[in-house]
Structures are given as C-alpha cells and as structure tokens.
Amino acid sequence: MTALLTCAMAFSMMQLFLLGALGPRLVDDLDVSPTVLGLTTTVGFGAAAVLSPVGGRVVDRLGPRRCLVALLLVSAAALALIGSAPGAGFLLAAVALGGLPQALANPATNKTILAAVPAERRGSVTGMKQSGVQLGAFAAGLPLAALAGVVGWRGAVWAAAGTAVVAAAWAARTLPADPPPKYAPASWIPRGTIAWLAAFSLLLGCGIASVNTYLALYGVRRLDLGPTAAAALVAVLGVAGIAGRVGWSKVAGRPGRALWLPGGLAAGAVGAALLLAASAYAHPLAWVAAVAVGVFAVSANAVSIRPGGCHPGRSRRPLPTVRGLPQRRVDDDR
C-alpha cells in the first residue's frame, strides 16, 4: 500500500520534473526559449491551483480508489502528449492537463491512508508517500535522463507514460473498494491554521518550482555540464528530498518540535538558495546546494501537511480539518 501511494505521488508531479531534467534537450529540439520552459511550470501549477479546491470534494464523492486510478491514467495521457508535442502551444496544453493529477494526489492518497492504515502508522506512511514526489525527481533526473541519452527525450517521456499505465492497473487491483459517497460541506476560504500553512506553502513552492525547472538548464549553460550530468543534479535533489521528508516528518511528531520546524526549514532553504547562487563562481557548490534544497526546502511540505504537525501556536481548540487527514488536537503532540 505504501509503495503504491508513493508511486501515485511520484506520477502526479512526474511531468514537471521531466521537463526540468530534460529541459536542455527539449529547448534545443523544440526550439523554444527558457521563458517557455518556465511557463510550463506556471501552467502546470496554475492548473493544479485552480483545480485543487474541488479536488477534495471529487475524492469524497467518487472515492479514493477511483480517483487514484484516474490520477495515474491522466498522468499517463499528459506524459504521452508531452512526448508528442510538436511545439510550445501543444506542450503547454499537455502540461495543463497534468494539473489534474496534482490536484487529486494529496486528497486521494490521504483518504486511502484514513481508510486502510491503522492510526498509529498514519504519520509514518504519510511521510513515506510524500517522499514519492521526490522519487519522481530522482527518476526524472537519473534513469529517465540516462534513457533520453539513448532513445531521445521523447522516448524517455513515453516510457514514463507507459509505466504510469502499469501503476494504474496496479492501483485498480490492489486498493480497497470505495465507500459510499459523502457530501460534507467544505470551506473555499482558508482560515486560521490552514491560511497560515497555505501562505507558507505558496512561498516555499515558488522557490522549489523555480529550482526544479531551471536546475538542469543552469547546469548546462552556466556550469558547463553535459545534459545527463546536469539532470543528475535533479536526481541528487530528489534523493535528498526523500531522506529529508521521511526524517523531518518523524521529527515533527516529537513533542514541541513542530512549532519551530517551519521557520528552521525556511531558513535552511534560504541558505540553499544562496549556495546555488554562489555555485556560478564555485561550480562544485551546485551539488551541495542541490542536497540542501532537498533536505530543507523540499522537505518542508511533508512537515506542513503532516497530521497534527506544524501548528503556529498551542491551543486546546480543535484545528480546522484538512480534507483527507484526521483531525487532531495540538495536545496529541505532547
């Protein structure tokens, strides 16, 4: 179950990691500018942001099993279309389609955890499945980038699409049947803790998305790396992100730690950005910076969505319910 949920999270973001890791090859082959490459991230996350407010409701009504299968099939379709793109317009439309899996990923996987995982294991399983996002970065930056060196970037993207179809069949056979639909009211305006976490995630996401999109291109054009070596920077970031997400989510479960973790991780993310900027003058620092981005910036997301974690203050009042995650009091972390 944990492996399947991890794969689902990986494929929900795979297209954007692939566009970043294969960016140098794609820019040359399609004759598009780095600005257009950046627009793929804007379009992908923009579509996901528009769809995310209804994503939880869709999962509540259709069920997590149906939504996870749909997530993987739509991911496969988006990847196949990206691999077939003749130019910038088609590419951006395909990336927009990939916003749907991003919107469904967290509510569908979280509801599956609620339904199938014992309460005492939910925190660790959540941390593990969140590491799937960075598993996608690793896959894009190493095996798929190496495959692109043999069969071209289109072949690598089509291979990822085929794997997503296999994962969809796995989900259809493995996941428990969906429960009867529930029609719970949902708030469209974030308030309290949710608003604080939304602002934190927005700023953090802007920085992470920029690094994911341009890191490989930066490696080729400023660090004089080959396309495969530059993509390996993304793989290093992904591996560091996996370790960081699993490790920090465990730390967040200890008494009092979740209160200072967001600030500490944000400070570490700033340091990672400074290291990346300094790598223009000392090239080996790029590898250290990639590790630091994974350990601090990328890991912060798993902490902020962890059940019961990352509260800006202590109170006995119940916390707002995050769709798909169990509601807990802050006192549970003591």
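Guide: Asp 224 is exposed, with a relative accessible area of 64%; exposed means over 50%, buried under 20% and partly exposed in between, using a 1.4 Å probe and protein chains only. The model is predicted, so local features need pLDDT of at least 70 and side-chain atom pairs count only at pLDDT 80 or more, while totals for chains, interfaces and linings use all residues. Residues are numbered from 1 along each chain as its sequence is written, and side-chain values use heavy atoms, with hydrogens and water left out.

Asp 224 lies in the loop between helix H9 (192–221) and H10; helices are DSSP runs of H or I with at least four residues, numbered from the N terminus. Its phi is near 60 degrees, a positive value in a residue other than glycine. Most residues other than glycine have a negative phi. Asp 31 also has a positive phi, near 55 degrees. That residue sits in the loop between helix H2 (23–30) and helix H3 (34–62) and, at 69% relative accessibility, counts as exposed.

On one side of the Asp 224 loop is H10, which spans residues 227–252. The axes of H10 and helix H7 (residues 122–141) come within 7 Å and cross at roughly 170 degrees. Axes are lines fitted to C-alpha atoms, for helices over the stretch in contact, and angles run from 0 to 180 degrees between N-to-C directions. H7 and H10 are therefore roughly antiparallel, the term for angles over 145 degrees. Residues making the contact (heavy atoms within 4.5 Å) include Gly 127, Met 128 and Phe 138 of H7 and Ala 231, Gly 238 and Arg 245 of H10. By class, this contact has 13 nonpolar, eight polar and one charged residues; Ala, Val, Leu, Ile, Met, Phe, Trp, Tyr, Cys and Pro count as nonpolar, Asp, Glu, Lys and Arg as charged, and the others, Gly among them, as polar.

Elsewhere, Val 166 in helix H8 (residues 143–174) counts as exposed at 57% relative accessibility.

As for confidence, the protein chain averages a pLDDT of 85, and 85% of the residues score at least 70; pLDDT is the predictor's confidence in each residue, from 0 to 100. Over residues 307–334 the pLDDT is below 50, although this stretch has 67 contacts in the model beyond near neighbours in sequence. Where pLDDT is low, the predicted coordinates should not be read in detail.

Methods:
Helix = DSSP H or I, 4+ residues; strand = E, 2+ residues; numbered from the N terminus. Parallel < 35°, antiparallel > 145°, perpendicular 65-115°, else oblique.
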